[in-house]
Amino acid sequence: MSLAAPTRTLRILHLEDSELDHELTLAQLRRGGIAVEMLRIDSEPEFLRAMEQAWDAVISDYNLPGFSGLVALDLLKARDNGVPFLLLSGEIGEDAAVEAMRNGAADYLLKNNMARLVPALLHAVEANDTRRAHLAADRELGQSKQRLRELAQHLQTSVESERAAIAREIHDDVGGSLTALNFDLAWIARHSDKPEVRQRATSALETVAHAIEASQRVMHNLRPAILEQGLVAALQWMASRFERRTGIACRFTSDREALALPAGVPLVAYRTAQEALTNVSKHAQATRVAIELTVAAGTLTLEIADDGRGLSLEDLAKARSFGIRGLHERASTVGGWVDLSSGERGTTLILSVPLAPDAADSADAAGAPQPELADVHDQHDPSYWGEL
Ligand SMILES: Nc1ncnc2c1ncn2[C@@H]1O[C@H](COP(=O)(O)OP(=O)(O)O)[C@@H](O)[C@H]1O
Ligand SMILES: [Mg+2]
């Protein structure tokens, strides 16, 4: 094997008590076309001090007065920095060589066969460079994934708060004006003697009623007001609406009447069910779907299972599909996660969210429905259910 000499100057620590042998080693490396900067040392304190610096390789004699190559190797390995260690000795027996290799030496060489030195060194340095490059790339990838995750979470939360703001504006501004308009038109219709004015006012009232309905629909899509009735009621409603709209049988079950959930969790669960059902109608070719909401062992579980065609890993890897990816990110905003499984028949999507120790358990005492946390807030603002 022939390896090109690295373009940089190699920094080599040479553990060698003989100045002459050091000179010979240096000459051998230079003859091999390697630019080196070499420091010779021959004691443990010097070695420990030298370890504070960065080295491309350590070349070490086997026997040194008061120190030994194998001890140096142990000290180097303890630092776990991947710097390769080559044993270069005059009288190395097979056992010693085997032990050195077992302890992590990159290679062992005999002083009377220096021809192997250059290729062995280059090989060890290259292996270490590759290892370092991998580590750096892994670190970089990890950081980049982390940044992406944070960005995705940020996007999810900003989309929701933007939606909330728009819904609030429609409610306060548009809704307020339409109500006032409705009121005035009704007044005109009541007080006018002219039939044509009354007729116009009545038709205007119809238009206003239509606009009020439309704004409520838009508001609902932005911020599902039904969540104010609690997650259980909202999912129940979602299931029956889904069944009516798609003709796919949809059953909702829950082990609770009501739940006291931390802020943000109801909306995450609601959007998860929404996306899962959209997927069922878009992709699954299912005839039935079951939604189940349970709280057990302090964890909220929402399961949406269909009996459709199932999905594959390739489906999840689609470059332009962000629904399920978004669900993972959304779940992590409340400390939860999403699992998907797909068998012969159908797909099951499970959202799990660990709850604070006593968040949910007080909820079903004596079957008395307790308000969700969101309900404690202004019941009349359909755009509100807690911090995201
Ligand atoms: N319930 C399901 N049954 C069958 N296939 C599904 C189901 N849910 C998702 N898929 C598949 O997984 C892919 C990714 O879904 P998703 O991330 O929601 O993106 P999108 O719905 O925009 O395609 C879908 O394109 C579809 O092929
Ligand atoms: Mg989708």
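**Figure 1. Glu329 in helix H10 of the predicted model.** Glu329 lies in helix H10, which runs over residues 323-332, and the model shown in all the views is a predicted one. Is Glu329 buried or exposed? Glu329 counts as buried because its relative accessibility is 17%, and the cut-off for buried is under 20%. Beyond the neighbours within four places in sequence, the contacts of Glu329 are with Arg149, Ala152, Gln153 and Gln156. Gln153 is 176 residues away from Glu329 in sequence, yet the two C-alpha atoms are 5.6 Å apart in space.

**Figure 2. The aromatic pair of Phe47 and Phe67.** The count of aromatic pairs in the model is one. The ring centres of Phe47 and Phe67 are 5.9 Å apart and the ring planes meet at 55 degrees, so the pair is tilted. Phe47 counts as buried, at 0% relative accessibility. Phe67 counts as buried too, with a value of 7%.

**Figure 3. Helix H1 and its buried side.** Helix H1 consists of 13 residues, 19-31. From first C-alpha to last, H1 reaches 18 Å, close to the 18 Å expected at 1.5 Å a residue. Which residues of H1 are buried? They are His22, Thr25, Leu26, Gln28 and Leu29. These residues lie on the same side of H1, because the arc they cover around the axis is only 160 degrees. An α-helix has 3.6 residues a turn, so residues three or four places apart point the same way. The cover over the buried residues of H1 includes strands S1 (10-15), S2 (36-41), S3 (57-60) and S6 (85-89), together with helix H5 (117-191).

**Figure 4. The other face of helix H1 and the residue after the helix.** Leu20, Arg30 and Arg31 are exposed, and they sit on the face of H1 turned away from its buried side. Gly33 follows H1 and has a positive phi, near 80 degrees.

**Figure 5. Two loop residues with positive phi.** Most residues other than glycine have a negative phi. Asp80 has a positive phi, near 50 degrees. Where is the place of Asp80? Asp80 is in the loop that joins helix H3 (69-79) to S6. With a relative accessibility of 66%, Asp80 counts as exposed. Gln285 also has a positive phi, near 55 degrees, and is placed in the loop between helix H8 (265-284) and strand S9 (288-296). Gln285 is exposed, its relative accessible area being 64%.

**Figure 6. The whole chain, for orientation.** The protein contains ten helices and twelve strands. Its C-alpha trace spans about 120 × 45 × 40 Å along the principal axes. The radius of gyration is 36 Å, whereas a compact globule of 388 residues would have one near 21 Å. Of the 388 residues, 39% are buried. Among contacts with a separation of 6 or more, 70% are between residues 24 or more positions apart.

Definitions and conventions:
Residues are numbered from 1 along each chain as its sequence is written. Chains are lettered from A and ligands numbered from 1 in the order in which they are written. This is a predicted model: local features need pLDDT of at least 70, side-chain atom pairs count only at pLDDT 80 or more; totals for chains, interfaces and linings use all residues. Side-chain values use heavy atoms; hydrogens and water are left out. Helices (H or I, at least four residues) and strands (E, at least two) are DSSP runs, numbered from the N terminus. The expected span of a helix is 1.5 Å times one less than its number of residues. Buried means under 20% relative accessible area, exposed over 50%, partly exposed in between (1.4 Å probe, protein chains only). The arc is that of the directions from the helix axis to the C-beta atoms. Contact means heavy atoms within 4.5 Å. The radius of gyration is taken over C-alpha atoms; the globule rule is 2.2 Å times the number of residues to the power 0.38. Rings of Phe, Tyr and Trp (its six-membered ring) pair if their centres lie within 6.5 Å; planes under 30 degrees apart count as stacked, over 60 as edge-to-face and the rest as tilted.
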